[in-house]
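The sequence and the structure come first.

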Amino acid sequence: MIETSTPATNSLTNTKAESSLFAEDLGEDEQSFYSSIKPGLNALTNNPTEKTIRSILDYSQSL
C-alpha cells in the first residue's frame, strides 16, 4: 500500500509570496512594456452572464 500525505504548509504559496514583483521593482523599460500590453490583457477578462453560469451548473448537475 502507498501512503501519501500533504505537508502542513503550502510551499507553492510561500514561493509565490517571495517572488512577487511590485511596480516599484520594475525598470522603466519593463513598466513601459507592461503599460503597452495592459489594455490587451484586461480585454481577456471574461465576465460570464448569469444565464451562462446557470447553464453550466445545470449541465454539470445532469451528469
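The sections below cover the model, its fold, its surface and its side-chain contacts.

## Model and confidence

This is a predicted model, in which local features need pLDDT of at least 70 and side-chain atom pairs count only at pLDDT 80 or more, while totals for chains, interfaces and linings use all residues. Residues are numbered from 1 along each chain as its sequence is written, and side-chain values use heavy atoms, with hydrogens and water left out.

The protein chain has an average pLDDT (the predictor's confidence in each residue, from 0 to 100) of 77, and 65% of the residues score at least 70.

## Secondary structure

The protein chain contains three helices and zero strands, in the order α-α-α from the N terminus. Helices (H or I, at least four residues) and strands (E, at least two) are DSSP runs, numbered from the N terminus.

## Surface

Buried residues account for 0% of the 63 residues in the protein chain. Buried means under 20% relative accessible area, exposed over 50%, and partly exposed in between (1.4 Å probe, protein chains only). The accessible surface of the protein chain is about 6300 Å², with 56% belonging to carbon and sulfur atoms. Accessible areas come from the Shrake-Rupley method with a 1.4 Å probe; for residues, only the protein chains shown count as cover.

A nonpolar surface patch consists of F33, Y34, I37, L41 and L44, which together have about 510 Å² of accessible area. Patches are made of residues with over 30% relative accessible area and no salt bridge; like charges are joined within 9 Å, and nonpolar side chains (Val, Leu, Ile, Met, Phe, Trp, Tyr) within 5 Å. F33 belongs to helix α2 (residues 28–43) and is exposed, at 53% relative accessible area.

The structure holds one salt bridge, defined as a side-chain nitrogen of Lys or Arg within 4 Å of a carboxyl oxygen of Asp or Glu. R54 and D58 form this salt bridge, with their closest N and O atoms 3.8 Å apart. About one helical turn separates R54 and D58, because they are four residues apart in helix α3 (residues 50–62). R54 is partly exposed at 42% relative accessible area, and D58 is also partly exposed, at 39%.

S60 lies in helix α3 as well and is partly exposed, with 42% relative accessibility. Its side chain reaches the backbone oxygen of L57 at 2.9 Å.

Terms used:
Polar contact = N/O pair within 3.5 Å; in protein donor to acceptor, adjacent residues only side chain to side chain.
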